[in-house]
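Subject: Structure for you to look at

Hello,

Here is the structure I said I would pass on. Please have it open while you read the notes below.

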Amino acid sequence: MNQTAIPCTLMRGGTSKGPFFLASDLPADVETRDRVLLAAMGSPDARQIDGVGGADSLTSKVAIVGPPTHPGADVDYLFLQVVVDEPRVDISQNCGNMLAGIGPFAIERGLVKPTGDVTPVRIHMVNTASVAVAHVLTPGGRVRYDGDARIDGVPGTAAPIDIDFLDVAGGSCGALLPTGNVRDTVEGVEVTMIDNGMPVVVMRAADFGQTGSETPAEMEANAELKARVETVRLAAGKLMNLGDVTKKTVPKMCLVSPPQNGGAISTRNFIPKTVHKAIGVFGAVSVATACALPGSIAAEITGDAGYGSRTFEIEHPTGFFTVVMEVVPGENGPRVERSALLRTARALMSGEILIPGHIWDGRTGRQSAREPALSA
């Protein structure tokens, strides 16, 4: 067999894109599955010329969707980051941008039935064992992609997809504040380490000799800056219960500074070794959460911390990210009652992706449609 054809849908989710697969169309064995995904995306290669990857971390992502293993969910969603220039598939984080495409994909592939003009899809995010609810427009029982919603980083407008995150706090680190502190000192730098959907280390840009107005390209070219940020990251990873993070894509490192365009706070994000041209969904949620916590590095800048419902405009290099937060007092410190935001998505192509047959013949080890587990 020369090549194996695997059904998939190429989708844009938020400001990311990649192939979406049904779990039953991929091999159940993790090592075989990862080899399949590396071949599909064209990694390792800086151009990903022999696959469908876009030669950028934002376009080298994969979503796998299957029946739910969580009692309160409609579907399971496993996110995989296919490293562009290494033969590695990382499962240590969620992706809230690709998450925006899960609801439409699940409806169109028959995993969820439309329930009216708006269909709520409860999504079990396997990577962190948490649940989100995506509200998908389905007038006439069909997914609607066109609309008036606009998000920074995507041209034009599309149908809005409102997403509520129900229980993402501590999903990767075990607690909203992994050390129990709102502020710590790591490698001589004051930081706030937080996990509300994404492990993030929030730091003052000024402590790294930055104004916060630098472009991602300028920061990318600053070898001394990148080395210092990485030193803090490696130490913070252990403190955040993530172990040795040398080869992990978490925690994300966020340099914050006073807003420049009317928002609440300005950000520059290392993801973790390159500088994000924007900010990830869960990264923005974690930063917004830090903004609401008295005593945090972020709240020091915003001056708008405290319990209750707040809307934070998180500035990034290409625009804003609006996050609605509600933080309430809990028995063991602050508790996140609600995190919500707006995304859009669009199906770009539906068909089959072809991989060399010697990697997988398409028959052996295929996961049964009745086996819901999406092994991480």
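How many bridges join strand 4 to strand 5, and in which sense do the two strands run? Two bridges join them, and they run antiparallel. Please keep in mind that this is a predicted model.

Strand 4

Strand 4 and strand 5 (residues 89–90) form a hairpin, with six residues between them. Within this pairing, Q81 has D90 of strand 5 as its bridge partner. Strand 4 also pairs with strand 3 (residues 61–66), in the antiparallel sense and over six bridges. There, K61 stands opposite Q81. A further pairing, with strand 6 (residues 118–125), is in the parallel sense and has three bridges. In that pairing, M125 of strand 6 is the bridge partner of Y77.

Eight of the eight residues of strand 4 are buried, so the strand is largely enclosed by the rest of the structure. V75, Y77, F79 and Q81 point one way from the strand, while D76, L78, L80 and V82 point the other way.

In soluble globular proteins, nonpolar side chains tend to be buried together. The largest nonpolar core here has 83 residues, and Y77, L99 and F165 touch the most other members. Helix 5 gives the largest share of this core, nine residues. There is also a second, separate core of 22 residues, which includes I6, A40, L78 and V89. Y77 and L78 point opposite ways from strand 4; Y77 belongs to the largest core and L78 to the second one.

The largest pocket

The largest pocket has a volume of about 850 Å³. Its lining is made up of 43 residues, and S57, Q81, I271, P272 and T274 lie nearest the centre. Strand 4 (75–82), helix 2 (96–108), helix 3 (216–220), strand 12 (252–257) and helix 5 (281–292) are the elements that give two or more residues to the lining. The largest share, three residues, comes from helix 5. By type, the lining residues divide into 17 nonpolar, 14 polar and twelve charged.

Cysteines

How many disulfides does the structure hold? It holds zero. C8 is in no disulfide, and the nearest cysteine sulfur, that of C95, is 17 Å away. C8 is buried, with a relative accessible area of 5%. C173 is in no disulfide either; for this residue the nearest cysteine sulfur is that of C254, 15 Å away. C173 is buried, at a relative accessible area of 4%.

Backbone details

Most residues other than glycine have a negative phi, and most peptide bonds are trans. Some places to check against that are these:

- The peptide bond from S43 to P44 is cis, with omega near 0°. P44 is in the loop between helix 1 (30–41) and strand 3.
- V250 and P251 are joined by a cis peptide bond, with omega about -5°. P251 lies in the loop between helix 4 (223–239) and strand 12.
- A129 is not a glycine, yet has a positive phi of about 55°. This residue is found in the loop between strand 6 and strand 7 (130–137).
- E187 is not a glycine either, and has a positive phi of about 50°. E187 lies in the loop between strand 9 (184–186) and strand 10 (189–195), and counts as exposed, at 52% relative accessibility.

Regards

Notes: Residues are numbered from 1 along each chain as its sequence is written. This is a predicted model: local features need pLDDT of at least 70, side-chain atom pairs count only at pLDDT 80 or more; totals for chains, interfaces and linings use all residues. Side-chain values use heavy atoms; hydrogens and water are left out. On a 1 Å grid over the protein atoms alone, a cavity is a set of points where a 1.4 Å probe fits but cannot get out, and a pocket is an open set with protein on both sides within 12 Å along at least five of seven lines; lining residues have an atom within 4 Å of a point. Grid points are joined across faces, edges and corners, and a volume is the space filled by probe spheres set on the points. Helices (H or I, at least four residues) and strands (E, at least two) are DSSP runs, numbered from the N terminus. Ala, Val, Leu, Ile, Met, Phe, Trp, Tyr, Cys and Pro count as nonpolar, Asp, Glu, Lys and Arg as charged, and the others, Gly among them, as polar. Buried means under 20% relative accessible area, exposed over 50%, partly exposed in between (1.4 Å probe, protein chains only). Two strands pair if DSSP finds at least two bridges between them. A nonpolar core is a set of buried Ala, Val, Leu, Ile, Met, Phe, Trp, Tyr and Cys residues joined through side-chain atoms within 4.5 Å. A disulfide is a pair of cysteine sulfur atoms within 2.5 Å.
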